[in-house]
Amino acid sequence: MQASLSTSSAATASQGDASGPQEVRDRIALCCSHTEAATWELGLRAALPHATISAWPHTDEQAECAIVWSPTQAFMDAHPRLRIIFNMGAGVDALMKLRLPPQARIVRIEDGGMAVQMAEYVSHAVLRHFREFDRYEASAASGAWAPRKPPIRSDFPVGVMGLGALGKRVAWSLAQFDFPVFGWSQSPKTIDGVTCLSGADEFDRFLSETRILVCMLPLTPATQGILSHASLSQLKPGGYLINVARGAHLVEEDLLRLIDEGHLAGATLDVTQEEPLPPGHAFWRRPEIVLTPHIAAQTVVREAIAQIATKVSAGLESPTLSGVVDLGKGY
Ligand code: NAP
């Protein structure tokens, strides 16, 4: 893929010289805190051959474009000219905690291979609970041939909170198994096979229609702690929680209390307040809680690089740029 961040700069770069002054917007600062940093750097260099990519802490402080995952405040302070910051994942909550250059826009990954992973993860968790595979595994482990009465699908309506790039795929996938599926988002939506509700006015109805609740919301001031005693106690009796969004959506002690009170049957949690989950945490000792280490949907590096490179190539001011975060809403 050929990259041109601006027409003039592409022309300069395509002359292939080190002598001509390079447009500052062709300089990309990379800040990648995870283990795939080298893969990202190599992939971006291949996808954007005309750009100069420098990796933190040896980045170009004139850069107007950054590609980041969990950057530090020091990185932001060192690049006051940034106009666009591409986030290597879908969730931008870590970025929103930083002081960003005031003119900077954030662009997040849209799906990039994560929606299908989320659909797999959530479908597996829903089916495991609904079909009682945990009980069959326990029976088999103790050498017992113990058939159980088949569950009734209509008794297990699923509610998906958040119908964005990932949530809408999850809701649609669950509808393919003929579960009654409800969705809830900020603005009204239409998804085949899903009863879509929206806004604060319809939140209580959404909860009371739901037995298996899936959280696919972004973490924002409006959604932090949204999975609380007040909300979870409105689920149908025997309710079950699947949180694949962020740990801070859940008030953890409220979940334990509702399980102890018998209102909730359990939970599958891919995310927790503190990650990694500390060794002494109560969740480790609860058989009703299935834990995974924040792996529900991982950025597919090749797809994410292709998505970012296409957007970079279209130009920083492209009117068709999608995935731009609304800084007021926080997602
Ligand atoms: P997205 O496209 O931004 O969609 C967010 C959805 O949430 C939208 O439907 C939005 O409503 C809704 N929403 C936001 N605030 C709301 C509120 N206050 N009330 C009701 N609805 C609200 O996000 P996405 O790409 O689907 O990703 C969702 C989240 O998944 C990410 O932010 C990230 O935290 C998490 N995630 C987790 C993993 C993992 O491995 N566990 C991996 C990737 C992502 P509107 O459509 O009306 O705006």
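## Helix α10 and its strands

Helix α10 (residues 252-260) lies across β10, β11 and β12. Its direction runs at about 145 degrees to β11. Axes here are lines fitted to C-alpha atoms, for helices over the stretch in contact, and angles run from 0 to 180 degrees between N-to-C directions. Helices (H or I, at least four residues) and strands (E, at least two) are DSSP runs, numbered from the N terminus.

This is a predicted model, where local features need pLDDT of at least 70, side-chain atom pairs count only at pLDDT 80 or more, and totals for chains, interfaces and linings use all residues. Residues are numbered from 1 along each chain as its sequence is written, and side-chain values use heavy atoms, with hydrogens and water left out.

## The seven-stranded sheet

What is the strand order of the open sheet? The seven strands run β8-β7-β6-β9-β10-β11-β12, with parallel pairing. Two strands pair if DSSP finds at least two bridges between them. At the edges stand β8 (194-198) and β12 (289-291). Each has a single partner strand, so one side of each is left without a neighbour in the sheet. From one strand to the next, the twist averages 15 degrees.

Strand β10 (residues 239-243) and strand β11 (residues 264-269) run parallel and are joined by five bridges. Tyr-240 has Gly-266 in β11 as its bridge partner. Helix α7 (residues 167-175) also packs on the sheet. Helix α7 touches β6, β7 (181-185), β8 and β9 (212-215), contact meaning heavy atoms within 4.5 Å. The direction of α7 makes about 170 degrees with that of β6.

## Salt bridges

Side chains of opposite charge can pair when their charged atoms come close. The structure holds 15 salt bridges. Each is a side-chain nitrogen of Lys or Arg within 4 Å of a carboxyl oxygen of Asp or Glu. One of them joins Asp-60 and Arg-27, at 3.2 Å from N to O. This pair links distant parts of the chain, 33 residues apart. Asp-60 is in the loop between β2 (52-55) and β3 (65-69), while Arg-27 is in strand β1 (residues 27-32). Buried means under 20% relative accessible area, exposed over 50%, and partly exposed in between (1.4 Å probe, protein chains only). Asp-60 is partly exposed at 21%. Arg-27 counts as buried at 18%.

Glu-132 takes part in two of the bridges described here: with Arg-135, the closest N and O atoms are 3.4 Å apart, and with Arg-148 they are 3.0 Å apart. Glu-132 lies in the loop between α5 (114-130) and α6 (133-141), and Arg-148 in the loop between α6 and β6 (158-161), so that pair ties together parts 16 residues apart in sequence. Salt bridges that share partners also join Glu-64, Arg-81, Arg-83 and Glu-317 into one network. Arg-135 is partly exposed at 45%, and Arg-148 is partly exposed at 37%.

## Aromatic pairs

The count of aromatic pairs comes to five. Rings of Phe, Tyr and Trp (its six-membered ring) pair if their centres lie within 6.5 Å; planes under 30 degrees apart count as stacked, over 60 as edge-to-face and the rest as tilted. Trp-56 and Phe-75 form an edge-to-face pair, 5.4 Å centre to centre, with 85 degrees between the planes. Trp-56 lies in the loop between β2 and β3 and Phe-75 in helix α3 (residues 73-78), so the pair ties together parts 19 residues apart in sequence. Trp-56 is partly exposed at 32%. Phe-75 is buried at 0%.

The rings of Phe-130 and Phe-179 have centres 5.0 Å apart and planes at 80 degrees, so this pair is edge-to-face. Phe-130 is in helix α5 and Phe-179 in the loop between α7 and β7, 49 residues apart. Phe-130 is buried, at 3% relative accessible area. Phe-179 counts as buried, at 3% relative accessibility.

## Charges over rings

Ring pairs link Phe-130, Phe-156 and Phe-179 into a cluster. Arg-211 lies over the face of Phe-156, at 3.9 Å from the ring centre. A charge sits over a ring if NZ of Lys or CZ of Arg is within 6 Å of the ring centre and within 35 degrees of the ring normal.
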